[in-house]
Amino acid sequence: MQLTLMMDAAQYDTAMRAHWSWLIPTVDSPLFISAMGDWVFGRPDGSLWALSLLEGDYRQIAQNATEYNRLNKSPEWLNDEFCAEWLLIASHHGLLPAPHQCLGWKLHPLLGGAFEVANLTLFDLRAHQANMARLHQRLQQT
């Protein structure tokens with residue numbers, strides 16, 4: 001298997017986004033899903049937005065595709081936006097997601113989980129999306 005940080009969202013069940021309907025506008029189009037389960041969406045105005053499973057937020061990451069394509073060449077930006085370094089760390093410990101999986105935290109850091117390999121695991125992508133959407137919705141309602 002090879003290290004792939006971003007996968008084309010079209011190859012996945014984009015109905016998974018229904019779990020995030022409370023946060024993501026319906027007019028936004030899924031473009032990519034990261035190895036950590038984060039999403040990149042395109043807005044009708046051309047801007048790109050990211051859904052972070054770590055933070056539980058939805059924020060603009062680029063004004064347009066040109067800016068996104070420039071930014072995504074930077075390892076620092078990829079680490080900041082998509083926790084890219086954890087894919088490499090995980091792979092060195094035998095955790096490499098299959099196409100239907102993503103990396104995630106056994107105990108989410110917002111609930112006290114540590115940022116360490118021992119807390120990292122592989123999840124079924126569909127189940128993890130549903131679980132993370134419920135977690136973040138609950139956390140944001142309190």
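Leaving aside neighbours within four places in sequence, Y58 is in contact with L23, I24, P25, D28, F41, R43, W49, A50 and L51, where contact means heavy atoms within 4.5 Å. This is a predicted model, in which local features need pLDDT of at least 70 and side-chain atom pairs count only at pLDDT 80 or more, while totals for chains, interfaces and linings use all residues. Residues are numbered from 1 along each chain as its sequence is written, and side-chain values use heavy atoms, with hydrogens and water left out.

Let us stay with Y58 for a moment. This residue is found in strand β5, residues 58–62. The side chains of Y58 and D28 are joined by a polar contact of 2.6 Å. (A polar contact is a pair of N or O atoms within 3.5 Å; within protein, one must be able to donate a hydrogen and the other to accept it, and residues adjacent in sequence count only if both atoms are side-chain atoms.) W39 is 19 residues from Y58 along the chain, and the C-alpha atoms of the two are separated by 9.2 Å.

Next comes S47, in the loop between β3 (39–42) and β4 (48–51). Its side chain makes a polar contact of 2.9 Å with the side chain of W49. Beyond its neighbours within four places in sequence, S47 is in contact with F41, G42, Q60, A62, Q63 and N64.

C83 sits in the loop between α2 (75–82) and α3 (85–92). Its phi is near 50 degrees, a positive value in a residue other than glycine.

Here is how these residues stand on burial. Buried means under 20% relative accessible area, exposed over 50%, and partly exposed in between (1.4 Å probe, protein chains only).

| Residue | Relative accessible area | State |
|---|---|---|
| S47 | 3% | buried |
| Y58 | 13% | buried |
| C83 | 15% | buried |

Now for the whole chain. Of its 142 residues, 46% count as buried. The protein chain has four helices and seven strands, which from the N terminus on run β-β-β-β-β-α-α-α-β-β-α. Helices (H or I, at least four residues) and strands (E, at least two) are DSSP runs, numbered from the N terminus.

Along its principal axes, the C-alpha trace spans about 40 × 35 × 25 Å. Among contacts between residues at least 6 apart in sequence, 49% join residues at least 24 apart.
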